[in-house]
Amino acid sequence: MEALDAVGKSVPRVDARLKVSGGALFCDDILMPGMLVVRALRSPHPHARILRIDTSRAERLAGVKAVVTGRDMIAPLGGVIEDQYIVAVDVVRYPGEPVAAVAAVDEDTAQEAVQLIEVEYQELPALYDPEKAMEPGAPLVHEQINQYKSRPGFNTMKDSNICSYFKLRRGDVEEGFNQSQLICEDRFSTPMIQHCPLECHTGIAQWDPSGKLTLWASSQGPFIMRAQLTAAFKLPMSKVRVISHYVGGGFGAKSSVKTCEGMAAALARKTNGRPVKMVLTRSEEFSSSVVRQPTIIDLRTGVSKEGKILARQVRLLFDTGAYSDSGPVCSTSAGCGAAGPYKIPNVKIDSYCVYTNKPIGAPFRGFGVPQIAWALESQMDILAEGLGMDPLELRMRNLAEEGTIYPSGQRLDHVGVKEALVAVAKDIEWDKKVPGRGKGVACIHKTSSTPAPSGAFVKINEDGSAVVLTGGIEMGQGYHTVACQIAAQVLGIPVDAVTLAVADTDIVPFDNPTVGSRATFGGGEAVRRAAVDARAKLFASAAEQLEANPEDLEAKDGKIFVKGSPEKNVPLAQANRVYQVQKGGPVLGCGSYTTEAFVPLDPETGHSEHPTEFWMYGAQAIEVELDEETGKVNVLKVSAYHDAGRVINPVMSEGQIEGGVIMGLSTTLWEELCLQNGRAVNTNLADYKLSTALDVPDIGCGFVGAIHPRGPFGAKGMGEPTNAGTAPALANAIYAASGVRVKELPLTQEKLLSALKNKNLS
């Protein structure tokens, strides 16, 4: 087995010094001569027809350089369904939707100009309840739904508000229920929540005299942004360039073009080459950006008296708001995994993505999996109590194993969920009961984004250092460090001798967005292959100097030598110089990765032999105390173990787990974006409660599972599932401590106190 010097080590983050010194460049840090500022006029109505819009007074205001309205829009945007324009055309569908935008010399002028724009509306019926929106005869949020173009694999139901419908069938679910000793039926729900990235959405656009658009953006997906802007402005792809520096948090909110970047681009087109910058305010981030979709989950599960799960029926409603964005991907992802990480012979799953007149739903660290895990793992404890069985034992009897055929038809491999559950149970001392305290567990599984092609270049510099060119985005999770470790391991040089180029679609090779826990697996493997290609060229050069076969060489500490004889060596820099002289060019390694065995899900059955490259697995256990006088939850300890294959950087990966747990606690106990008539009302960080450092409990974390043969050096992704198990594990712990169960997130003090009072009255 290859000795690992860089991979598997907790090396310092390559961006640490830049970030702590303030030297890291984020989009809002970019200043250009003559840069204009954007402000938007937003709809006050949840649903209305635009009868008249007059921008003449705004256009005459001194300092205003451009104004755009729906009249200036060319084509719609859409990650899955092409249903949204950068600025509303004819109809507004949620409060806060932009109806016009102004570019001016400063923010005060832009804001004054916005107030001079006159708009006449005709209000239309508004829908806020996804179940009512699904009813026959309900007003249509999109009257043109039948004409929209959409990606293959997503089913839109005609003449309805259902923009996507996914179903999964396995076995005979009714027969399974007939054989069941116990059947539990429950309804769970999750609220609308905001991504709250530290860096708000930001975009800077400039058109050059040749008609080429350059966009600097806080983006998780520069290449998908390029494709969407190409379509929206009907340009050749070579005429759009997207550059993404460091990103101050994304969590899925920045995976595609949003109206912020689109308005900057549309306005810049009118400014004769002047750069145009738009930065959302924190209030706009809450009210006019994207959110995690609210969900309603109806769950029916039947078990035998021995605790074997015989049947599961699931109905999921994803309220995607006014436009689809990636809502259909979330509802499909959740539906595909809605059987849970268990062996179940009979399954019936229906997952709906529904339009309403509310803020737009988008991916949020898990593509719908945290919502479905909340329901599944809460009900597992309900089933265990009904059977008189330990919740841990019920899970162990049903968890998937190596070779399990999942309801979708995929044969599961590298399944570490049992190991994870055993590890958290041991860590939290599951069998040790303490009066006044409760413990809860939850298991997690999730697919990875598939197919998701990635490319990478590795360029060797004259001094023997290396530059990695990749479209993978660094947004705090540590991908740049992982990519440097992978390249350093292959090339046999120190990690600090590897740097990364800026993600620039004109320079780096294509990569899918940094979403779906795929960056390390797909992007990292592309980097590994590019480094192997570069190494092969260096070895060919060094072989002549060492009078050896390239196959007999290895590289370490910046030197190339015959295996077992390091004393006779060629410095990597020297091999590079010789190659340049002989070949007349630099050593440039090329690598790419994509899933070769991908099989799309069948639209009728939800079946596929290989719908995802790998599944991620994990488990969480939580111990709590509950103050029955106030309803306040005191989280004492959290244990989280994940099957991540070979861990490239242990300390950073532990940080991913800890960050995911803290985010999970925040969304479980506090977070909810509250609406009145579709409009967000708690649009600041004083009224919208988030976890702080004072709320962080003792967190124990670790890793299980074997190396994955298709990942770089055996690695799998792990960023998303780290927050998915928190809500059900916490709810189960609260029930164990108090005997009360709340099925609607967040688990606020008010809800828990009310449940405690009702329990005492019964």
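Is threonine 668 buried or exposed? In this predicted model, threonine 668 is buried, with a relative accessible area of 1%. The legends below begin with this residue.

View 1. Beyond its neighbours within four places in sequence, threonine 668 is in contact with Thr726, Ala727, Leu730, Leu745, Pro746 and Leu747. Of these partners, Leu745 and Pro746 are joined by a cis peptide bond, with omega about 0°. Proline 746 is located in the loop between α17 (726-738) and α18 (749-761).

**View 2. The largest nonpolar core.** This core comprises 85 residues, and Val633, Val635, Leu730, Ile734 and Leu747 have the most contacts inside it. The greatest contribution to the core, 8 residues, is from helix α10 (residues 369-387). Another core, of 49 residues, lies apart from it and includes Val468, Ile486, Ala488 and Val490. Such grouping has a general background: in soluble globular proteins, nonpolar side chains tend to be buried together.

**View 3. Contacts of isoleucine 734.** With neighbours within four places in sequence left aside, isoleucine 734 is in contact with Val624, Leu626, Val633, Gly739, Val740, Leu747 and Leu752.

**View 4. The crossing of helices α14 and α15.** The axes of α14 (residues 519-546) and α15 (residues 572-583) come within 8 Å and cross at roughly 95°. Because angles of 65 to 115 degrees count as roughly perpendicular, the two helices, α14 and α15, are described as roughly perpendicular to each other. On the α14 side, the contact is made by Lys537, Leu538, Ser541, Ala542, Glu544 and Gln545. Helix α15 contributes Leu572, Gln574, Ala575, Asn576, Val578, Tyr579 and Gln582. By class, this contact has 6 nonpolar, 5 polar and 2 charged residues.

**View 5. The buried helix α7.** Helix α7 (residues 259-268) is largely enclosed by the rest of the structure, because 10 of its 10 residues are buried. Among them are Glu261, Met263 and Leu267, together with Cys260.

View 6. The structure holds 0 disulfides. Cysteine 27 is in no disulfide, and the nearest cysteine sulfur, that of cysteine 260, is 8.3 Å away. At 3% relative accessibility, cysteine 27 counts as buried. Cysteine 590, by contrast, is partly exposed, with a relative accessible area of 42%. The closest cysteine sulfur to that of cysteine 590 belongs to cysteine 484, at 18 Å, which is too far for a bond.

**View 7. Aspartate 504 in strand β23.** Aspartate 504 lies in β23 (residues 503-504) and is buried, its relative accessible area being 4%. Neighbours within four places in sequence aside, aspartate 504 is in contact with Arg241, Val242 and Ile243. The C-alpha atoms of aspartate 504 and leucine 469 are separated by 9.1 Å, and these residues are 35 residues apart along the chain.

View 8. Most residues other than glycine have a negative phi, and most peptide bonds are trans. A cis peptide bond joins threonine 450 and proline 451, with omega about -10°; proline 451 is in the loop between β19 (437-447) and β20 (454-460). Cysteine 196, although not a glycine, has a positive phi of about 50°. Cysteine 196 is placed in the loop between β9 (193-194) and β10 (202-207) and counts as buried at 14% relative accessibility. Arginine 365 also has a positive phi, near 35°. Arginine 365 is found in the loop between β18 (360-361) and α10, and at 12% relative accessibility arginine 365 counts as buried.

Notes. Residues are numbered from 1 along each chain as its sequence is written. This is a predicted model: local features need pLDDT of at least 70, side-chain atom pairs count only at pLDDT 80 or more; totals for chains, interfaces and linings use all residues. Side-chain values use heavy atoms; hydrogens and water are left out. A nonpolar core is a set of buried Ala, Val, Leu, Ile, Met, Phe, Trp, Tyr and Cys residues joined through side-chain atoms within 4.5 Å. Buried means under 20% relative accessible area, exposed over 50%, partly exposed in between (1.4 Å probe, protein chains only). Helices (H or I, at least four residues) and strands (E, at least two) are DSSP runs, numbered from the N terminus. Contact means heavy atoms within 4.5 Å. Axes are lines fitted to C-alpha atoms, for helices over the stretch in contact, and angles run from 0 to 180 degrees between N-to-C directions. Angles under 35 degrees count as roughly parallel, over 145 as roughly antiparallel, 65 to 115 as roughly perpendicular and the rest as oblique. Ala, Val, Leu, Ile, Met, Phe, Trp, Tyr, Cys and Pro count as nonpolar, Asp, Glu, Lys and Arg as charged, and the others, Gly among them, as polar. A disulfide is a pair of cysteine sulfur atoms within 2.5 Å.
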